[in-house]
Amino acid sequence: MTPPPPQPPPPGSHPASDSAAAPLPGPRPLVVLFGATAGALGPDLGSDETDLILLVWQVVEPRSRQVGTLHKSLVRAEAAALSPQCREASGLSADSLARAEPLDKVLQQFSQLVSGDVALLGGGPYVLCTDGQQLLRQVLHPEASRKNLVLPDTFFSFYDLRREFHVQHPSSRRARDLTVATMAQDLGLETDATEDDFGVWEVKTMVAVILHLIEGPSGQLFSKPEVVKQKYETGPCSKADVVDSETVVRARGLPWQSSDQDVARFFKGLNIARGGVALCLNAQGRRNGEALIRFVDSEQRDLALQRHKHHMGVRYIEVYKATGEEFVKIAGGTSLEVARFLSREDQVILRLRGLPFSAGPADVLGFLGPECPVTGGADGLLFVRHPDGRPTGDAFALFACEELAQAALRRHKGMLGKRYIELFRSTAAEVQQVLNRYASSPLLPTVTAPLLPIPFPLAAGTERDCVRLRGLPYTATIEDILSFLGEAAADIQPHGVHMVLNQQGRPSGDAFIQMTSAERALGAAQRCHKKVMKERYVEVVPCSTDEMSRVLMGGTLGRSGMSPPPCKLPCLSPPAFATFQATPTLIPTETAALYSSSALLPAARVPAAPTPVAYYPGPATQLYMNYTAYYPSPPVSPTTVGYLTTPPAALASAPTSVLSQPGALVRMQGVPYTAGMKDLLSVFQAYQLAPDDYTSLMPVGDPPRTVLQAPKEWVCL
């Protein structure tokens, strides 16, 4: 049986002069600290964002086995309401807390009393020791941050008694499952069951556990304290980095102007990995109120999840689990230029938006002025450009300290030339996101593969093996649709998700899903019809591929039946509103060399084979423009799809070599009467059709018309 722990000597006493009681080499003096808040206790301490109301502490000298005086101090809480759990456990009342000192005064008393006790026991620097990590990481540091209090350096390192116990007794329990009572029970310590003073029993028992642990082999005990990072460290992240999914969370509801430092302050007390705050941007390159945060280990991540719905100012922040792949997708980069730009440590990053396209480093440095110099001058500026080298109007600047960055932010909406410039705080992850977005965008943003589903043509058929979703929220994504369908999502054909866009290129609220069979489509419609997606009910009805094709081409499908696409223009052929024909334009070799492969359609003579997938590939999801009269986007000519017929006069005057190339003849309708040759050439400047060759533009020889009639037309070769 384990012998009972030795009785601690009275406070201030000194050991005998024999050799057995001589000071032994060991850890520094320990300050055993216990605290409580007005809300939850135990493992949920600090999870409800309530204020600290109690501190109890006692000094232990491990080398001489001496202990100091036990101190207890109440702390005035701003919100004096106590939870039923706290009121029952502590026996405190709101009146007693109202007479207590505020937190800053209590911390001053704590430092003075601890210093006095340590001096009586032999002096030297001391280290805090707590039961678990919640008191310091989840209570003291967040509350001090909210109240703008500066904690002493002694609160940034501590020993977790549970971990120290687990080092000597690894077979007992997991460190996170231990409590003061279970540690005393495992060691066979006799505790004073008559002690009813809240917090005093816990501190006395922790002191007895420490003295018992020191008696054993203590080579590894109290040698490596836990560290609380004092500030957030910025840094780059690479696409090749492997990030553990057990260390990442997603924070939602952030103010749009919040920076990475603001996010780090929200998680004050927890150790965020270097460069571990990635603010997310929306499709327009602006912050969407979300951020991915990477912590140093899974225990810090679990503590961060307890801050769900804690407040940043007047806003509450939602905290959820995230994956390492999501973090790398947002924060990772591949550019060496960005890596060099972000390699400077302890730099504040600002983003400049709205710069004139002709602005250079000298213009930006002159705009900022000598009172806020950029680190490294021109080397501290990073201009964001399109893949072809054209400027985007965005740039990033590095500043050596917060004061210089604040001076630069005062230039927000200042004028550079004839444009006002916006300045924002930025992060390394935002730099990577902005650069990645422009680096991956094609040179011709109007020519995107999803708008022309040529690699995956729709097969005609009357079998009702498809379902139509009507009334979708405009913010619905493919993932939302798959979650909405539930088990039926496993029956979707490869490349079978078709989103319908309106004439402005925005979601129309409709989508078509190709299922593996008519039975599966009917089952999905019966199970999901009028289910709710994001507070809207969605109609799910079965349909055929023919019906789907006609709707995607501008027709309607209602309760009264199906109507074909409207043919308002005389040049539209009514039978031509069938499925897309997989016959894209043959792009000349010298023109194709100027553009990335993702911006061009596959060659007509070598059709691309679809890659087999489980359900659908995200990048290849079909998006259909539901135009009243469909016109494919350049460089695909309308003549290649067969909707527009070329006037005979243009065909007669066109060279034979030109007509032999598919898609070389383009008809333009709706041209303003004031448009000239140079105006038309500027429209096709990016496609390099016939530079400086005005003979390739021919007006159509129609009879004279009034201004109220249709505008003139041109045929371009």
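In what order do the 5 strands of the open sheet that includes β10 stand? They run β10-β11-β9-β13-β12, and the pairing is antiparallel. This is a predicted model, in which local features need pLDDT of at least 70 and side-chain atom pairs count only at pLDDT 80 or more, while totals for chains, interfaces and linings use all residues. Residues are numbered from 1 along each chain as its sequence is written, and side-chain values use heavy atoms, with hydrogens and water left out.

**The sheet from β10 to β12**

- Helices (H or I, at least four residues) and strands (E, at least two) are DSSP runs numbered from the N terminus, and two strands pair if DSSP finds at least two bridges between them.
- β10 (272-281) and β12 (310-312) each have a single partner strand and stand at the edges, so one side of each is left without a neighbour in the sheet.
- From one strand to the next, the twist averages 30°; axes here are lines fitted to C-alpha atoms (for helices over the stretch in contact), and angles run from 0 to 180 degrees between N-to-C directions.
- β12 is joined by 3 bridges to strand β13 (residues 315-321), and the two run antiparallel.
- M312 has R315 in β13 standing opposite.

- Another open sheet is formed by 5 strands in the order β16-β17-β15-β19-β18, with antiparallel pairing.
- Its edges are β16 (381-385) and β18 (414-416), each with a single partner strand, so one side of each has no neighbour in the sheet.
- Neighbouring strands of this sheet are turned against each other by 30° on average, direction ignored.
- Over 3 bridges, β18 pairs with strand β19 (residues 419-425) in the antiparallel sense.
- Opposite M415 stands Y420 in β19.

**Cavities**

- The structure holds 8 cavities of 30 Å³ or more. On a 1 Å grid over the protein atoms alone, a cavity is a set of points where a 1.4 Å probe fits but cannot get out; grid points are joined across faces, edges and corners, and a volume is the space filled by probe spheres set on the points.
- The second largest cavity contains about 60 Å³ of space.
- Its lining has 11 residues (those with an atom within 4 Å of a point), and T234, G235, L342, R344 and I349 lie nearest its centre.
- That lining divides into 5 nonpolar, 3 polar and 3 charged residues, where Ala, Val, Leu, Ile, Met, Phe, Trp, Tyr, Cys and Pro count as nonpolar, Asp, Glu, Lys and Arg as charged, and the others, Gly among them, as polar.

**Buried residues and cysteines**

- Helix α17 (residues 545-552) is mostly covered, with 6 of its 8 residues buried (under 20% relative accessible area; exposed is over 50%, partly exposed in between, with a 1.4 Å probe and protein chains only).
- The buried residues of α17 are T545, E547, M548, S549, V551 and L552.
- There are 0 disulfides in the structure, a disulfide being a pair of cysteine sulfur atoms within 2.5 Å.
- C86 is buried at a relative accessible area of 0%, and C129 counts as buried at 0% relative accessibility.

**Positive phi in loops**

- N148, a residue other than glycine, has a positive phi near 55°. N148 is found in the loop between α4 (134-146) and β6 (157-160), and counts as exposed at 59% relative accessibility.
- K530, also not a glycine, has a positive phi near 65°. K530 lies in the loop between α16 (518-528) and β23 (531-533), and is partly exposed at 48% relative accessible area.

Notes:
On a 1 Å grid over the protein atoms alone, a cavity is a set of points where a 1.4 Å probe fits but cannot get out, and a pocket is an open set with protein on both sides within 12 Å along at least five of seven lines; lining residues have an atom within 4 Å of a point.
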